[in-house]
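Q: Please go through this structure with me and set each label against its cut-off.

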Amino acid sequence: MKRIGLLLFVFSFICFFGVAGASAKEDSKESLGEQLFMKHCSKCHPNGGNVITVTKTLNPKDREANEIKTEEDVIKLMRNPGPGMVKFGKDVISEKDAKAIAAYIFKTFK
Ligand code: HEC
């Protein structure tokens, strides 16, 4: 009986670190998008808002009303933005970074 207790203890230990390790990985992916968003976008879109065109925030309600429904749409818009927004070419934000930013927006602003 003692042995089973020990085994359970060891097992839960492994589970705990397994889960902690996985979520640390998730965090680092998220923080790339977050860092890039803070660097390139947050000036005009603080907390997902829009300081220039107040009706065009990054919240799903506004986004979807303006046909920005997928992460791909966000990337397209960065490459070819509307009036008042700066254009972000691949030389400034790579495809990989653009994806991280788009994912961050979808995850964060709800
Ligand atoms: C210089 C200010 C500025 C910066 C920097 C900026 N934006 Fe914008 N953004 C705007 C403006 C202004 C609009 C509205 C454009 C329009 O009228 O179509 C907009 C619109 C958007 C929209 C559409 C929102 C909607 O509801 O239709 C998305 C998505 C978006 N921006 C994403 C980004 C991302 C991602 C970045 C960073 C890579 C960024 N923006 C950086 C000013 C900015």
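Q: In which helix is L77 found?
A: L77 is found in helix α3. The model is predicted, with pLDDT of at least 70 needed for local features and 80 or more for side-chain atom pairs, while totals for chains, interfaces and linings use all residues. Residues are numbered from 1 along each chain as its sequence is written, and side-chain values use heavy atoms, without hydrogens and water.

Q: What makes a stretch count as a helix or a strand here?
A: Both are DSSP runs, numbered from the N terminus: a helix is H or I over at least four residues, and a strand is E over at least two. The protein chain has four helices and zero strands, in the order α-α-α-α along the sequence.

Q: Why is L77 called partly exposed?
A: Buried means under 20% relative accessible area and exposed means over 50%, with partly exposed in between (1.4 Å probe, protein chains only). L77 has a relative accessible area of 29%, so L77 is partly exposed.

Q: Which residues is L77 in contact with, leaving aside its neighbours within four places in sequence?
A: Contact means heavy atoms within 4.5 Å. L77 is in contact with I68 and M85. The C-alpha atoms of L77 and K87 are separated by 8.4 Å, and these two residues are ten apart along the chain.

Q: Which residues of α3 are buried?
A: D73, V74, I75, M78 and R79 are buried in α3. Helix α4 is included in what covers them.

Q: How do you know that the span of α4 is close to the expected one?
A: The expected span of a helix is 1.5 Å times one less than its number of residues. Helix α4 (residues 95-108) has 14 residues, and its first and last C-alpha atoms are 20 Å apart, close to the 20 Å expected.

Q: Which residues of α4 are buried?
A: They are D97, A98, A100, I101, A102, Y104 and I105. Leaving aside neighbours within four places in sequence, I101 is in contact with G33, L36, F37, C41, M78 and I93.

Q: What makes a set of residues a nonpolar core?
A: The members are buried Ala, Val, Leu, Ile, Met, Phe, Trp, Tyr and Cys residues joined through side-chain atoms within 4.5 Å. The largest nonpolar core has 17 residues, and F37, V74, M78, I93, I101, I105 and F109 touch the most other members. Two or more residues of this core come from each of α1 (2-40), α3 (71-79) and α4. Helix α4 gives the most, with six residues.

Q: Which residues coordinate the iron atom of the ligand?
A: Donors are N, O and S atoms within 2.8 Å of the metal (3.2 Å for Na, K and Ca); water is not among the atoms, so sites may look incomplete. H45 through NE2 and M85 through SD coordinate the iron atom of the ligand, at 2.0 to 2.2 Å.

Q: Why does the pair tie together parts that are 40 residues apart in sequence?
A: H45 lies in the loop between α1 and α2 (60-65), whereas M85 lies in the loop between α3 and α4, so the pair links parts that are 40 residues apart in sequence.

Q: Why is the arrangement around the iron atom called octahedral?
A: Six donors count as octahedral if opposite donors are over 155 degrees apart and all others between 65 and 115. The six donor atoms subtend angles of 87 to 180 degrees, which makes the arrangement octahedral. Ideal angles for six octahedral donors are 90 or 180 degrees.

Q: Are H45 and M85 buried or partly exposed?
A: H45 is at 10% relative accessibility, so H45 counts as buried. M85 has a relative accessible area of 27% and is therefore partly exposed.

Q: Why are N47 and E67 called exposed?
A: N47, in the loop between α1 and α2, has a relative accessible area of 73% and is therefore exposed. E67, in the loop between α2 and α3, is at 53% relative accessibility, so E67 counts as exposed.

Key. Tetrahedral: all angles 85-135°; square planar, octahedral: opposite > 155°, others 65-115°.
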